[in-house]
Amino acid sequence: FDAIESWKQKVEAELGVGTVAMALVQNKVDLIDQATATAEEVEAKAKRLKMKLFRTCVAENLNVDKVFEHIGHEFVNGPASKEADESGVASAEEPKASEAPPEKEKPARAASTKAGKEAEEA
């Protein structure tokens, strides 16, 4: 937990600020009573680093998909700093429809007709 800030700084120093999709993930929230950092400490770290915070539990499949959706959205659309509230901590809610990436069109299939096959073979 203490090294997160230096890890983020190393990534930004190497690749540039705002060029890598990042999120702060607190995993194993089902064991929160055994956590070495309090909820307030984790929230303060997320605020200080201006990172979206997700609390997850892989064993219960809680918010895991939301982390990947967020990272994918940031990768495609750039940093989503607007998603964080003024405290710097963003919720694990679904992105609004207006912020969701557009659906890709399915490629058109060629009709398989006898004439079409003959034309292809020619």
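**Helix packing and salt bridges**

I began with the crossing, and α1 passes α2 in a right-handed one. I kept in mind that this is a predicted model.

Next I looked up the geometry: helix α1 (residues 4-15) and helix α2 (residues 39-49) pack at an angle of about 20°, and their axes are 11 Å apart. Angles under 35 degrees count as roughly parallel, so α1 is roughly parallel to α2.

Then I listed who touches whom. From α1, I found I4, E5 and K8 meeting K45, R48 and L49 of α2. Sorted by class, this contact has 2 nonpolar, no polar and 4 charged residues.

With that much charge around, I asked myself: how many salt bridges does the structure hold? My tally came to 3 salt bridges.

- R48 pairs with E5, with the closest N and O atoms 3.4 Å apart. This pair links distant parts of the chain, R48 in helix α2 and E5 in helix α1, 43 residues apart. I noted R48 as partly exposed at 47% relative accessibility, and E5 as partly exposed at 26%.
- K8 pairs with E12, and here the closest N and O atoms are 2.8 Å apart. The two are 4 residues apart in helix α1, so about one helical turn separates them. Buried or exposed, I wondered, are K8 and E12? Both are buried.
- R55 pairs with E43 at 3.1 Å between the closest N and O atoms. I placed R55 in strand β2 (residues 53-55) and E43 in helix α2, 12 residues apart. R55 is partly exposed at 26% relative accessibility, and E43 is partly exposed at 31%.

Note on methods:
Residues are numbered from 1 along each chain as its sequence is written. This is a predicted model: local features need pLDDT of at least 70, side-chain atom pairs count only at pLDDT 80 or more; totals for chains, interfaces and linings use all residues. Side-chain values use heavy atoms; hydrogens and water are left out. Axes are lines fitted to C-alpha atoms, for helices over the stretch in contact, and angles run from 0 to 180 degrees between N-to-C directions. Angles under 35 degrees count as roughly parallel, over 145 as roughly antiparallel, 65 to 115 as roughly perpendicular and the rest as oblique. A crossing is left-handed if the near helix is turned anticlockwise from the far one by less than a right angle, and right-handed if clockwise. Contact means heavy atoms within 4.5 Å. Ala, Val, Leu, Ile, Met, Phe, Trp, Tyr, Cys and Pro count as nonpolar, Asp, Glu, Lys and Arg as charged, and the others, Gly among them, as polar. A salt bridge is a side-chain nitrogen of Lys or Arg within 4 Å of a carboxyl oxygen of Asp or Glu. Buried means under 20% relative accessible area, exposed over 50%, partly exposed in between (1.4 Å probe, protein chains only).
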